[in-house]
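Subject: Structure handover

Hello,

Here is the structure I promised to pass on. Please open it alongside this message; my notes follow below.

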Amino acid sequence: MRQREFYRFTPAEAQTLRVAIEPSVAAPVRITNLVAATTRSGQATIQFHLTGEATVRAEIRSMRGEMVRLLQPSRAAGAGVQSLTWNGRDSQERALPPGNYMAYIEAIDSEGRVARATTPIVITR
């Protein structure tokens, strides 16, 4: 029933149709403890915790919100600590200038619920 606005039920004989609406018992996925640590060489390690299974996408964005690197395309991930590494380069593998960037993480659970989180990354060389 999640994908249609209505259903039509036409019984051949007199019958009773009972519809029960129950709330989802599973809590939506959450992204917690998102941190980024950088090295002098301009490499960053990004860690976060997922509260449940989800499809995760990770991007590096400029401070204007423009994506400079797709760090991880949509990929299944389990509950627990996740870790990603960024080499400080853009999508064409060019070294980005020192400055402020954002790690953007998006997780979508099996119910289609979305969690998003961001954390700043400062690149120094």
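Start with the hairpin made by strand 6 and strand 7, which have 5 residues between them. Glycine 112 sits in that turn, with a positive phi of about 85 degrees. Keep in mind that this is a predicted model. One of the pairings sets glutamate 106 against arginine 116 in strand 7.

Glutamate 106 and arginine 116 form a salt bridge, with their closest N and O atoms 3.0 Å apart. The pair links distant parts of the chain, as glutamate 106 is in strand 6 and arginine 116 is in strand 7, 10 residues apart. How covered are the two partners? Glutamate 106 counts as buried because its relative accessibility is 17%, and buried means under 20%. Arginine 116 is at 55% relative accessibility, so it counts as exposed.

Strand 6 as a whole is mostly covered, with 7 of its 10 residues buried.

Strands of a sheet pair through backbone hydrogen bonds, either parallel or antiparallel.

Now look at strand 3 (residues 54-62). Strand 3 runs antiparallel to strand 6 (residues 99-108), and 8 bridges join the two. Isoleucine 60 stands opposite alanine 103 in strand 6. Arginine 61 stands opposite methionine 102, also in strand 6.

Serine 62 belongs to strand 3 as well. Is serine 62 buried or exposed? With a relative accessible area of 10%, serine 62 is buried. Setting aside neighbours within four places in sequence, serine 62 is in contact with Val68 and Tyr101.

Strand 1 and strand 2 (residues 44-50) pair over 6 bridges, in the antiparallel sense. Look for isoleucine 31: its bridge partner is leucine 50 in strand 2.

Salt bridges

How many salt bridges does a search of the whole structure find? The count is 7. Side chains of opposite charge can pair when their charged atoms come close.

Take arginine 69 and glutamate 93. Their side chains meet in a salt bridge at 2.9 Å, N to O. Arginine 69 lies in strand 4 and glutamate 93 in the loop between strand 5 and strand 6, so the pair ties together parts that are 24 residues apart in sequence. Arginine 69 has 17% relative accessibility and so counts as buried. Glutamate 93 is partly exposed, with a relative accessible area of 39%.

Next come aspartate 90 and arginine 94. Their side chains also meet in a salt bridge, at 2.9 Å, N to O. Aspartate 90 counts as buried, at 8% relative accessibility. Arginine 94 is partly exposed, and its relative accessible area is 48%.

A surface patch

Finally, go to the segment before strand 1 (31-38). Isoleucine 21 is found there. Isoleucine 21 counts as exposed because its relative accessibility is 79%, and exposed means over 50%. Leu17, Val19 and Ile21 form a nonpolar patch on the surface. Together they have about 350 Å² of accessible area.

Best wishes

Methods:
Residues numbered from 1 in each chain as written. Predicted model: local features only at pLDDT ≥ 70, side-chain atom pairs only at ≥ 80, totals over all residues. Heavy atoms only, no water. Patch = residues over 30% accessible without salt bridge, like charges linked within 9 Å, V, L, I, M, F, W, Y side chains within 5 Å. Areas by Shrake-Rupley, 256 points an atom, 1.4 Å probe, with all protein chains shown as cover. Salt bridge = Lys/Arg side-chain N within 4 Å of Asp/Glu carboxyl O. Helix = DSSP H or I, 4+ residues; strand = E, 2+ residues; numbered from the N terminus. Buried < 20%, exposed > 50% of the residue type's maximum accessible area, 1.4 Å probe, protein only. Pairing = 2+ DSSP bridges. Contact = heavy atoms within 4.5 Å.
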